[in-house]
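This report describes a protein chain by its strands, helices and side-chain contacts.

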Amino acid sequence: MSHKKVKMTAAAVLASSVLLSGCGLFGGDEQAGSEQDIPKDVSYVDDAVNENGTESDVTGEETDGEDAVTENVQRELYLIDSNGYVVSQTLELPKTNEVAKQALEYLVAGGPVDEMLPNGFRAVLPAGTEVDVNLKEDGTIVADFSNEFMSYDGADEERILQAITWTLTQFENVDNVQIMVNGHLQTVMPVNQTPIGEGVSRANGINYDTADAVDLMSSRAVTLYFMAESNEGDPYYVPVTTRLSLEGKDRYTAIVEALIKGPSHNSGLTNDLSNEIALLDDPVMEDGNLALNFNEAILGLEGRIVSKSIVDSLVLTLTEQTGVESIAITVDGEGDLMATDGTNISEPVARPEKVNTGRF
């Protein structure tokens, strides 16, 4: 499955200004109206109709009849972990046509998600919040919340906006998210006035890291994936958006070097890439695959084997870049490399459809 492409909006520019200032973890299975006249009963994220007349959600799964009640599907819900990071957790939800509305309902505290929350995680929306959604033809989805939405703690405001945005943009035909409260379009969040503008997307980032000050003109915002552990010791991946200096560097090289450098010391996050690991050449992009040639420091203690957690971190991070569908790794220009799970990583390794499935 192609990784979701994101669109930069005016709000993304504002988010960039804010940014300047201030273990198998993967799973298997990834009507137009004006803003004044949004249908309140439309909560599908895809209005495609199959040849047999049944409607399908964005994963292409038929959702008619009794199966919609008895079957479950995997969805990524962005929740808040014990360190305050917004993190996806892949959970089994009942099958339904109203996939976008359901995903948001499972972000509500005191709702159905409470019985399935991973240890140390919490829901992001205030208890009692109700929501309707409407997808417009341009890929913008409008989430219309009830008054209870406005009762959140201001300290969680950016986390809430990020969780809503990243949960909804897991669907292939959703690019941009707008927020309403009781039918009134919001250009800022209700409590601390975090900018929304004309909508937000994944280009606005998540879990901003502003530890390193860099020049806006010679840098770009990127999302890196580091690791954390649950209260029970289970590992999971955390996306962190930061700005990287690109002066004199290929952008993919700069991203890999940032991964090797690792997370901020006080972040509570970890990384399996040692400081001895280095690229020997600039990465080469061809037909959506990014070829990476490392030195021998990337190898484990047993032959030509690379830790799966290293491969996962590289795949998740680099496929966030537009056009990168997969990566392939060589060492000193030679292939025949395996990850610790047996995957041939000298052949293209694509981004997983689901992340943090809890299967460790």
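The sections below move from the whole chain to its individual elements.

## Basis and overall composition

The model is predicted: local features need pLDDT of at least 70, side-chain atom pairs count only at pLDDT 80 or more, and totals for chains, interfaces and linings use all residues. Residues are numbered from 1 along each chain as its sequence is written, and side-chain values use heavy atoms, with hydrogens and water left out.

The protein chain contains six helices and 16 strands; helices (H or I, at least four residues) and strands (E, at least two) are DSSP runs, numbered from the N terminus. Of its 360 residues, 51% count as buried, where buried means under 20% relative accessible area, exposed over 50%, and partly exposed in between (1.4 Å probe, protein chains only). The chain exposes about 15,700 Å², of which carbon and sulfur atoms supply 46%. Accessible areas come from the Shrake-Rupley method with a 1.4 Å probe, and for residues only the protein chains shown count as cover.

Strand β5 spans residues 140-145, and six of its six residues are buried. Thr140, Val142 and Asp144 point one way from the strand, while Ile141, Ala143 and Phe145 point the other way.

On one pairing, β4 (residues 131-135) and β5 are antiparallel over five bridges; two strands pair if DSSP finds at least two bridges between them. Aspartate 144 of β5 is the bridge partner of aspartate 132. Four residues lie between the strands of this hairpin, in which glycine 139 takes a positive phi near 85 degrees. The pairing of β5 with β6 (residues 176-181) is parallel and runs over six bridges, with valine 142 opposite glutamine 178 in β6. Between β5 and β6 the chain passes through helix α4 (residues 157-168) in a right-handed β-α-β crossover; right-handed means that, with the strands pointing away from the viewer, the path from the first strand over the helix to the second runs clockwise.

## Aromatic cluster

Four aromatic pairs are found in a search of the whole structure. The rings of phenylalanine 145 and phenylalanine 149 are stacked, because their centres are 4.4 Å apart and their planes lie at 10 degrees. Rings of Phe, Tyr and Trp (its six-membered ring) pair if their centres lie within 6.5 Å; planes under 30 degrees apart count as stacked, over 60 as edge-to-face and the rest as tilted. Both phenylalanine 145 and phenylalanine 149 are buried, and ring pairs join Phe145, Phe149 and Tyr152 into a cluster.

Threonine 167 belongs to helix α4 and is buried, with a relative accessible area of 0%. Leaving aside residues up to four places away in sequence, threonine 167 touches Glu76, Leu77, Tyr78, Ala103 and Leu107, contact meaning heavy atoms within 4.5 Å. A polar atom of its side chain lies 3.1 Å from the backbone nitrogen of tyrosine 78. Arginine 75 is 92 residues from threonine 167 in sequence, yet the C-alpha to C-alpha distance is 8.7 Å.

Helix α6 (residues 308-318) is largely enclosed by the rest of the structure, because 11 of its 11 residues are buried. Among them are Lys308, Asp312 and Leu318.

## The β2-β3 hairpin

Strands β2 (residues 72-80) and β3 pair in the antiparallel sense over nine bridges, and asparagine 72 has proline 94 of β3 as its bridge partner. Five residues separate the two strands of this hairpin, and glycine 84 in the turn has a positive phi of about 85 degrees. Strand β3 (residues 86-94) is mostly covered, with seven of its nine residues buried.

Definitions and conventions. Polar contact = N/O pair within 3.5 Å; in protein donor to acceptor, adjacent residues only side chain to side chain.
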